[in-house]
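Subject: Structure handover

Hello,

Please find the structure below, followed by notes on what was found in it. A few words on one residue come first, then the chain contacts.

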Amino acid sequence: MNPLIAQIAAHSPGLRDWLALTSVIFSIGLYGLLTRRNAVGILMAVELMLNSAAMNFVIFNRFCLPARMDGSVMAIFVIAVAAAEVVVGMAIFVALYRYRGTVDVNQMNTMQDPVISIEGPGDFNREVMKNINKQYKSRHDH
Amino acid sequence: MNLLFVISFVCLAAGMVGGGLVFSFLVAPHRPGAIKNTPYECGEQPIGQAWIQFNVGYYLFGLMFLVFDVEAAFLYPWAVAFRQMGTVGLIEAGLFILVLLVGLAYAWKKGVLEWV
Amino acid sequence: MIASAIYTVLFYAIAAGTILLALAVVNTRKLLRAAVALMGALSTTAGLYAMLDAQFLAGVQVLVYVGGIVVLIVFAIMLTRSGELLEDNPTLKRKLVGAVISIGFLVSSVGAVWGSPFAIASAGKAPANDALMIGKALLDYGPGGFVVPFEVISLLLLAAMLGGIVIARKTPPTGQPFTSGGDLPGEAEVYHPLSQRDDETGGRAS
């Protein structure tokens, strides 16, 4: 037998190689999650992460319990949950775009509290109420 | 030799597609023009940009399609195991379909299935 | 022997393709191209499922992910006009933080995987008819069966469908010619910042 073929066959991927592959894909998804600004792009990164996590179930099923199909069943559940997540998430982005005119997550700061220094819970509530009143007034003045 | 078949098929397919592209790139005359670069709209003159905002109806149809796509993915193994699961499997899958039919009825009543 | 060698070559080729396509998903500045790269990454994942003896799952991956989810993402890109805008290149600080966190996660998880013992079954022979096995497992109501998650998934899909319809289907902004909803009497009077801004500028002009 050709020694090169024997050499290649000796490096047949084991459980750890498969898991390393899914870790790499998950990390790439994590990077996209942290660097993307468009909400749709963030959701695509989340899809990559979900996909690699579902593949982990199948890998463990194949290597540790090959006679049963539990990992495949779990992976199908993960795919169904991903579909439901995309349906609702994209609906939210479509509605958000209609309302705000953008899906840039850096501009989604209406729930952010502008108060920087907070002494205690009472001060916090007072500041928040003052802020809300100010915004309400500025919106209804003209 | 199942895998040998797979890898030879992959190589053959890539070779055919890549070979066709490379061959036409090498042989074909290359004379670009402004009219040749316009998108082909069945012979009509294209008006405006391709990036218009699309009707939300597309999204709603895609949503319905995806949900029933997942349903089909779940019902296929039931159909394969139908003879061995018998009546119990029929009841379980019937419940599954019934729950999703509620959503279909809601969408129908709300007019999602009508193209406006 | 030769089958094992081919399996190895296929694994590394498909894994490299998947990683390259995943990198394209997170780094392309045009979102539509990222969506196409995502479609490719999910397709190669279907190939990896087939290599793991999960043929039915590979089919489901193509059917649901490539045929459904990516299409919906493309629709959402069209609807939010994300495709025509170039995504801002993330700042160096943001890139650096993302790279440090993701590489840190990668190193720690791969280290954990390589350092821990696994109960690997020696005689790994997958069942021949995996769709039949999955069907039995899904409908089995005894111990080890998945009938309750199976029914709960239908409820989840129902909730997602109703939620998606309710959220996405509202009065369209002024100037959009098409509508697919807005049949509720109160829907037209919903406060809408874009339409109000149009009114203000129109009043000032006249």
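In which helix of chain C does N27(C) lie? N27(C) lies in helix α1 of chain C; helices (H or I, at least four residues) and strands (E, at least two) are DSSP runs, numbered from the N terminus.

The model is predicted: local features need pLDDT of at least 70, side-chain atom pairs count only at pLDDT 80 or more, and totals for chains, interfaces and linings use all residues. Residues are numbered from 1 along each chain as its sequence is written, while chains are lettered from A and ligands numbered from 1 in the order in which they are written.

N27(C) counts as partly exposed because it has 18 C-beta neighbours inside 10 Å (buried means 20 or more other C-beta atoms within 10 Å of the residue's own, exposed 12 or fewer, partly exposed in between, with C-beta atoms placed from the backbone). Its C-alpha atom is separated by 15 Å from that of G17(C), 10 residues away along the chain.

Chain A: there are five helices and zero strands, in the order α-α-α-α-α from the N terminus. Of its 142 residues, 43% count as buried. Taking contacts in chain A between residues at least 6 apart in sequence, 46% join residues at least 24 apart (contact means C-beta atoms, placed from the backbone, within 7 Å).

Chains C and A: 87 residues of chain C are in contact with 69 residues of chain A. On the side of chain C that touches chain A, the elements giving two or more residues include α1 (2-27), α4 (92-115) and α7 (193-205) of chain C. That side has 65 nonpolar, 14 polar and eight charged residues (Ala, Val, Leu, Ile, Met, Phe, Trp, Tyr, Cys and Pro count as nonpolar, Asp, Glu, Lys and Arg as charged, and the others, Gly among them, as polar).

Helix α2 (residues 15-35) of chain A packs against α4(C) at an angle of about 160 degrees, with the axes 9 Å apart (axes are lines fitted to C-alpha atoms, for helices over the stretch in contact, and angles run from 0 to 180 degrees between N-to-C directions). α2(A) and α4(C) are therefore roughly antiparallel (an angle over 145 degrees). The residues of their contact divide into 15 nonpolar, six polar and three charged.

Chains B and C: the contact takes 45 residues from chain B and 48 from chain C. On the side of chain B that touches chain C, α3(B) gives the largest share, 19 residues. By class, that side of chain B has 33 nonpolar, eight polar and four charged residues.

Regards

How values were computed: Two residues are in contact if their C-beta atoms, placed from the backbone, lie within 7 Å. Angles under 35 degrees count as roughly parallel, over 145 as roughly antiparallel, 65 to 115 as roughly perpendicular and the rest as oblique.
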